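Please look over this model with me.

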Amino acid sequence: QVQLVESGGGLVQAGGSLRLSCAASGRAFSRFGMGWFRQAPGKEREFVAAIDWSGGSTYYVDSVKGRFTISRDNAKNTVYLQMNSLKPEDTAVYYCAAPRYYCSGYGCYASDRIYDAWGQGTQVTVSS
């Protein structure tokens with residue numbers, strides 16, 4: 001079973017930046033893609049971004065394209081989410097997740113059903 005620990009959340013003004021990190025252990029990290037999701041109060045969990053095992057393919061929900069960048073360092077078993085030009089509507093708890101099997105394409109990574117490991121979440125609050 002893989003363990004995931006997120007860090008890097010906080011309070012930032014609109015237009016600011018944050019970088020989230022997700023450290024993984026307990027599974028061959030470099031063999032699997034990784035995803036980031038978020039959940040705002042009163043809303044369902046939402047796919048944000050994903051990256052394949054090599055880092056060669058990335059996927060984003062439309063609302064964050066051009067502002068967020070997902071990356072990974074397989075040597076450090078860590079995936080990152082760089083968030084720029086933050087907006088108040090980005091306020092949420094952000095979770096990283098590891099899929100239970102090989103995944104390919106946006107449709108696969110965006111479905112939370114394929115993930116069997118989740119971090120504890122990190123709060124991101126963007127003030128206007």
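The points below run from the whole chain down to single residues.

1. **Ground rules.** This is a predicted model: local features need pLDDT of at least 70, side-chain atom pairs count only at pLDDT 80 or more, and totals for chains, interfaces and linings use all residues. Residues are numbered from 1 along each chain as its sequence is written, and side-chain values use heavy atoms, with hydrogens and water left out.

2. **Overall fold.** The protein chain has 1 helix and 11 strands. Helices (H or I, at least four residues) and strands (E, at least two) are DSSP runs, numbered from the N terminus. In sequence order the pattern reads β-β-β-β-β-β-β-β-β-α-β-β. The radius of gyration is 13 Å, close to the 14 Å that the globule rule gives for 128 residues, so the chain is as compact as a globular protein of that length. That radius is taken over C-alpha atoms, and the rule is 2.2 Å times the number of residues to the power 0.38.

3. **Extent and surface.** The C-alpha trace spans about 40 × 25 × 25 Å along its principal axes. The accessible surface comes to about 6300 Å², and 47% of that belongs to carbon and sulfur atoms. Areas come from the Shrake-Rupley method with a 1.4 Å probe; for residues, only the protein chains shown count as cover.

4. Of the 128 residues, 48% count as buried. Buried means under 20% relative accessible area, exposed over 50%, and partly exposed in between (1.4 Å probe, protein chains only). Take the contacts with a separation of 6 or more: residues 24 or more positions apart account for 58% of them. Contact means heavy atoms within 4.5 Å.

5. **The cavity.** How many cavities of 30 Å³ or more does the structure hold? There is 1. A cavity is a set of points, on a 1 Å grid over the protein atoms alone, where a 1.4 Å probe fits but cannot get out; lining residues have an atom within 4 Å of a point. Grid points are joined across faces, edges and corners, and a volume is the space filled by probe spheres set on the points. The largest cavity has about 60 Å³ of space. Its lining includes Val 2, Leu 4, Ala 24 and Arg 27. The lining residues divide into 7 nonpolar, no polar and 1 charged. Ala, Val, Leu, Ile, Met, Phe, Trp, Tyr, Cys and Pro count as nonpolar, Asp, Glu, Lys and Arg as charged, and the others, Gly among them, as polar.

6. **Ala 24.** This residue belongs to strand E3 (residues 18-25). Ala 24 is buried, at 11% relative accessibility. Leaving out residues up to four places away in sequence, Ala 24 touches Val 2, Gln 3, Leu 4, Phe 29 and Asn 77.

7. **Two positive phi angles.** Most residues other than glycine have a negative phi. Asn 77 is not a glycine, yet its phi is positive, about 50°. Asn 77 sits in the loop between strand E7 (68-73) and strand E8 (78-83), and is partly exposed at 27%. Ser 85, also not a glycine, has a positive phi of about 50°. Ser 85 lies in the loop between E8 and strand E9 (92-99), partly exposed at 41%.

8. **Asp 52.** Is Asp 52 buried or exposed? Asp 52 is buried, with a relative accessible area of 12%. Asp 52 lies in the loop between strand E5 (46-51) and strand E6 (58-60). Beyond its neighbours within four places in sequence, Asp 52 contacts Phe 32, Gly 33, Ser 57, Arg 72 and Tyr 109.

Key
1 Å grid on protein atoms, 1.4 Å probe; cavity = no way out; pocket = protein on both sides within 12 Å on 5 of 7 lines; lining within 4 Å.
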